[in-house]
Amino acid sequence: MSESTPRIGALEAGGTKMVMAVATPDGTILEDTAIPTTAPADCVPQMIEWFAARDIDALGVAAFGPTGVDPKKDNFGYILKTPKLEWAGYDFLGTLRRGLNMIPAGYDTDVNGSCLGEATFGCARGLDTVLYLTIGTGIGAGVMVNGQLLHGMLHPEAGHIMLHKRDNDPGECVCPFHEGCFEGLAAGPSIEKRWGAKGVELAERMEVWELESDYIAEALTDYIMSFSPQKIILGGGVMKQEQMFPLVRKKVLANIAGYLDTPELADIDNYIVPNSLNEMQGILGCVELGRRALVAAQA
Ligand code: ADP
Ligand code: ZN
């Protein structure tokens with residue numbers, strides 16, 4: 001390892017693109033790039049080549065899932081069952097590490113990475129129990145509880161919690177697994193199918209965002225009751241409809257109906273918030289995953 005400031009490699013592995021960066025442990029990005037997510041045989045060698053040319057001391061990876069995140073299990077760092085068939089059962093982290101001289105590496109889900117990015121460098125700095133939700137092509141939640149990213153038996157799949165379909169919903173749940181889950185009722189593709197246009201084209205249609213915010217508020221209420229987060233951060237393409245924030249906040253408070261009385265809920269505008277790092281929360285979370293792996297390896 002170099003004697004000067006460590007160089008941390010960061011890889012945010014998404015379903016459509018792979019974002020790579022080299023950073024210092026304080027989150028200063030020195031260099032970054034992105035390539036499309038193609039089959040692993042094609043894109044993983046490109047990533048190894050990029051990092052190998054940049055003399056990194058550790059790597060942090062946050063990957064699309066489902067994926068194995070428990071270092072004690074055989075499937076650690078593997079992509080598990082996924083509709084992207086070339087990736088199903090692929091030893092992602094192992095292949096990267098073998099290509100990079102087995103440097104220390106941290107690995108988690110994409111949404112846990114974003115949660116860690118916000119908790120380390122962003123609006124949730126200093127907090128230990130934080131929920132990061134992305135509402136985009138799918139819905140996923142990263143959860144930090146008492147300072148630890150939540151894994152459990154696999155990792156949270158909080159986009160697939162059951163929701164009650166509204167009587168005035170002209171659409172349907174589009175999740176192939178569930179009859180009425182949050183992702184199937186409220187992610188980008190369900191909005192598009194229900195209203196016949198992409199979310200970005202529906203900005204002026206109040207009924208779209210009234211219904212959408214109903215579902216989001218119902219889900220957030222369940223997360224609040226389950227995890228007691230100190231802050232909830234909402235990201236992803238659908239949340240670019242910022243007019244939803246006041247609606248979601250109001251509806252969450254209505255759902256809670258006075259049952260909880262906390263300073264956080266009393267300051268709801270600072271409790272349910274947009275992501276704060278200019279879309280860098282994911283890659284910065286990877287930097288922190290890499291930094292932690294380096295520290296652990298030196299201990
Ligand atoms: P991904 O989830 O694939 O990583 P995004 O978070 O950008 O990517 O989510 C893409 C989804 O968000 C698409 O369904 C798209 O229609 C929707 N979306 C993107 N931008 C907007 C917007 N400004 N308003 C509403 N929906 C949007
Ligand atoms: Zn589902």
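**View 1. The hairpin of β1 and β2 in this predicted model.** Strands β1 (residues 8-13) and β2 run antiparallel, joined by 6 bridges, and 3 residues lie between them in the hairpin. Here strands are DSSP runs of E with at least two residues, numbered from the N terminus, and two strands pair if DSSP finds at least two bridges between them. Look for A10, which stands opposite A21 in β2.

**View 2. Strand β2 with its other partner, β3.** β2 and β3 (residues 29-36) pair in the antiparallel sense over 7 bridges, with A21 opposite D32 in β3. This hairpin has 5 residues between the strands, and G27 takes a positive phi near 90 degrees. Because 6 of the 7 residues of β2 (residues 17-23) are buried, the strand is largely enclosed by the rest of the structure; buried means under 20% relative accessible area (1.4 Å probe, protein chains only).

**View 3. Polar contacts of ligand 1 (pairs of N or O atoms within 3.5 Å).** A polar side-chain atom of T137 lies 2.6 Å from an oxygen atom of the ligand, and a polar backbone atom of G237 is 2.8 Å from a ligand oxygen atom. On the side chain of Q241, an N or O atom is 2.7 Å from a nitrogen atom of ligand 1.

**Notes for all views.** Residues are numbered from 1 along each chain as its sequence is written, and chains are lettered from A and ligands numbered from 1 in the order in which they are written. In this predicted model local features need pLDDT of at least 70, side-chain atom pairs count only at pLDDT 80 or more, and totals for chains, interfaces and linings use all residues, while side-chain values use heavy atoms, leaving out hydrogens and water.

Terms used. A polar contact is a pair of N or O atoms within 3.5 Å; within protein, one must be able to donate a hydrogen and the other to accept it, and residues adjacent in sequence count only if both atoms are side-chain atoms. Buried means under 20% relative accessible area, exposed over 50%, partly exposed in between (1.4 Å probe, protein chains only). Helices (H or I, at least four residues) and strands (E, at least two) are DSSP runs, numbered from the N terminus.
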